[in-house]
Amino acid sequence: MTQTDRNRIHVAGSCIPLPGNNIDTDRIIPARFMKCVTFEGLEAYAFYDERFNDDGSEKEFPMNDPRFKGGSIFLVNKNFGCGSSREHAPQAMARFGMKAIIGESFAEIFLGNCVSLGIPAVTADAEAIVALSQAVEASPALEVQIDLDEKVVRYSDLIVVIDIPEAARQSLIEGTWDSTAQLYANLEQINACIEALPYL
Amino acid sequence: MSKNLFDKIWDLHSVTTLPTGQTQLFIGLHLVHEVTSPQAFAMLEELNMSVLCPDRTFATVDHIVPTEVQTRPFKDALAEKMIQTLDKNTRKHGIKFFSLESGEQGIIHVIGPEMGLTQPGMTIACGDSHTSTHGAFGAISFGIGTTQIRDALATQTLAITKPKVRKVQVNGSIKAPVSAKDIALYLISKLGVNGGIGYAYEFAGSAIEALDMEGRMTLCNMSIEGGARMGYINPDDVTANYLKGKRYSPKGVDWDKMTAFWEDIASAADAKYDDVIEFNGEDIEPMVTWGINPGQALPVTAKLPTLDSVPSDERQTTEQAYQHMLLEAGQAVDGISIDVAFIGSCTNGRISDLREAARIAQGHHIANHVKAIIVPGSMAVQRQAEAEGLDKIFTQAGFQWRNAGCSMCLAMNPDKLEGNQISASSSNRNFIGRQGSPSGRTLLMSPAMVAAAAIKGHVTDVRNFATQA
């Protein structure tokens, strides 16, 4: 395993808390910024309407807060990333600096999109998220470590149990989140499946 | 116990079990649009791969299409670039493109069914969360991200974990003008916007079986708004009758063979589910969302909730909803003033939706302060509506009659709310900023409710609306 791969399953960094339930992908990246044919530069539009006023000046928002500058782990609550399937959402966050995300729960398509990008999206219970958020507020530079091998988050002297769908954990550990090659290797079985389908 | 439809289709399309434990699932129909696909085609080319099943892949342009002036090149250079990119990608890879020039363009979830591409027993994927719509035919149909579009293009398969299946049964019946949209909003308000995470929903029961295909599509379309990535309804005679004679529907001997397959694929009467939940159709009234997610929906006869009446973990969202919507706790839903009315979208932009809206609009005129637009879901819907004279009814009533596209559902084209305008909308999402203005506000409801609100200038109970038809 390369160092890069190891860094995906042992993410360490400071946090950016984004409190609130049901934060949808329209808020993560408003549709008007999806008029593009590449994902390049999308970090400029991550949470655009939450970060900027109409005149372009900055609003008070965690991603603008100098205390959280350089944070690579987003801390969120329930049903994060609901709504549109747009991969532009995790792409914009990843390009902004997201290496991992810890939440109470994630919308399914958003979670799948994160994993496709090699980004661990892990869940912890509500109390643990509250405690971690409070610790981050008190000490924004706090280093938080996510360990997918042990399925825990460590900070200060604390250990928090986390969860992640086992298939996602396996694909991040095995380095198979980028799935095209693996899927294509089964071409023979794909053809057999086609043969057996009544409508093809 | 026997299998449900979901298990049967899943087994039929399982290529293999991957080392992660996920299923490699074959995708029988891959639908493509201009917003989420360009990066996927670029990734494919970087890998030096081609599209494995171009004949099972179909594309159209819907999100960025202007609904007024459609002369090319579009005024919006970015939109023009997106349509050109899709045109280039589909040509290069031999994919059928229902373009503006073909006369067959429309919202992908409207044209798939109307062409007969969507059929029972299939697996269907598209880089669009409202792909759940096609589940109305008894298919496993779901939205995917762009990296997964690449996988679907390259291998016609996806790595995916099998969800659990919850049977959502609506007994009894609903009484018109209560509609499928009201059922959808009612169920989301009861089951929560995240209640469906990890589940596929099977919608069943007499109130569901009584819906026509377009109503079924409306309901399945909004599964994702309740957190369920997939929703479906078992195929029956209504399904087969809808598909008969459609362009891509099976013909001749194939028709008999396929209808037999569709019968077999439906859930057995004693099928097993991970969960079953029941509701009564009689309890469902015309519904209106008042907040910032589709679960914040109430009967039109209700009053907005007070903070202390909502569960503690919803209070923050409720507070934020009041702040954004500029509405007050205790205020009646009936009577909320509107600025804009929008009828269209993959949820409610089909011919039956327009007929219902026209039935309300006929002989009336929209309120002076309201801007109202009608956007058919496809060029075919537009032609049909014009043949029936619905466009005249709308324009005489003061509505603007537009060309087909996604339009103000998500405002990637020039149709947008301005400032903090509030809209009555037949679309699917009332998220902050969804309709193009960061401070814009959205009230979701059925097309009939939108038409009535446009005429009155405020939300009104369509059951009490005096039609002149």
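## Domains of chain B

Chain B is divided into three parts: domain 1 (5–160), domain 2 (164–235 + 264–283) and domain 3 (287–463). The model is a predicted one. The centres of domain 2 of chain B and domain 3 of chain B, taken over C-alpha atoms, are 22 Å apart.

These two domains touch. In domain 2 of chain B, 16 residues are in contact with 18 residues of domain 3 of chain B. On the domain 2 side, helix H6 (180–191) and helix H8 (213–221) of chain B are the elements that give two or more residues. H6(B) gives the largest share, 6 residues. By class, this side has 6 nonpolar, 5 polar and 5 charged residues.

## Where the chains meet

Now for the two chains. 51 residues of chain A are in contact with 65 residues of chain B. On the chain A side, five helices of that chain give two or more residues each: H2 (25–28), H5 (108–116), H7 (166–174), H8 (180–184) and H9 (187–196). The residues on this side divide into 19 nonpolar, 20 polar and 12 charged.

Look at H7(A). Its buried residues are Ala167(A), Ala168(A), Arg169(A), Ser171(A) and Leu172(A). Just after H7(A) comes Gly175(A), with a positive phi of about 75°.

## The nonpolar core

In soluble globular proteins, nonpolar side chains tend to be buried together. Here the largest nonpolar core holds 218 residues. Which of them touch the most other members? They are Leu75(A), Val288(B), Ala341(B), Val450(B) and Ala454(B).

Take Val288(B). Leaving aside neighbours within four places in sequence, Val288(B) is in contact with Ala297(B), Leu298(B), Val300(B) and Val333(B), among others. Its contacts also include Leu443(B), Met445(B), Met449(B) and Val459(B).

## Two sheets in chain B

One open sheet of chain B has 3 strands in the order E1-E2-E8, with antiparallel pairing. Strand E1 (14–17) and strand E8 (157–160) of chain B each have a single partner strand, so one side of each is left without a neighbour in the sheet. Neighbouring strands of this sheet are turned by 20° against each other on average, direction ignored. E1(B) pairs with strand E2 (residues 23–26) of chain B over 3 bridges, in the antiparallel sense. Here Thr16(B) stands opposite Gln24(B).

Another open sheet of chain B has 5 strands in the order E5-E4-E3-E6-E7, with parallel pairing. Strand E5 (96–98) and strand E7 (140–143) of chain B are at its edges, and each pairs on one side only. Strand E3 (residues 29–32) and strand E6 (residues 123–126) of chain B run parallel, joined by 3 bridges. Leu31(B) has Cys126(B) as its bridge partner in E6(B).

E6(B) is also joined to E7(B), by 4 bridges. Ile124(B) stands opposite Ser141(B) in E7(B). Which way do the residues of E7(B) point? Ile140(B) and Phe142(B) point one way, and Ser141(B) and Gly143(B) the other. All of these are buried.

## A buried residue in a helix

Ile208(B) is in helix H7 (residues 206–209) of chain B. Is Ile208(B) buried or exposed? Ile208(B) counts as buried because 22 C-beta neighbours lie inside 10 Å. Not counting residues up to four places away in sequence, Ile208(B) touches Val170(B), Phe203(B) and Ile233(B).

Most residues other than glycine have a negative phi, and most peptide bonds are trans. Some spots here depart from that pattern. A cis peptide bond joins Arg72(B) and Pro73(B), with omega about -10°. Pro73(B) is in the loop between strand E4 (57–60) and helix H3 (77–93) of chain B. Ala176(B) and Pro177(B) are also joined by a cis peptide bond, with omega about 10°. Pro177(B) is in the loop between strand E9 (164–171) and H6 of chain B.

Phe47(A) has a positive phi, near 50°. The place of Phe47(A) is the loop between H2 and helix H3 (48–51) of chain A. With 22 C-beta neighbours inside 10 Å, Phe47(A) counts as buried. Ala411(B) has a positive phi too, near 55°. Ala411(B) is found in the loop between strand E17 (400–401) and strand E18 (422–425) of chain B. Ala411(B) counts as buried, with 23 C-beta neighbours inside 10 Å.

Definitions and conventions:
Residues numbered from 1 in each chain as written. Chains lettered and ligands numbered in written order. Predicted model: local features only at pLDDT ≥ 70, side-chain atom pairs only at ≥ 80, totals over all residues. Domains from an automatic or database assignment. Contact = placed C-beta atoms within 7 Å. Nonpolar A, V, L, I, M, F, W, Y, C, P; charged D, E, K, R; others polar. Core = buried A, V, L, I, M, F, W, Y, C linked by C-beta atoms within 7 Å. Buried ≥ 20, exposed ≤ 12 C-beta atoms within 10 Å, placed from the backbone. Pairing = 2+ DSSP bridges. Axes fitted to C-alpha atoms, helices over the stretch in contact; angles between N-to-C directions.
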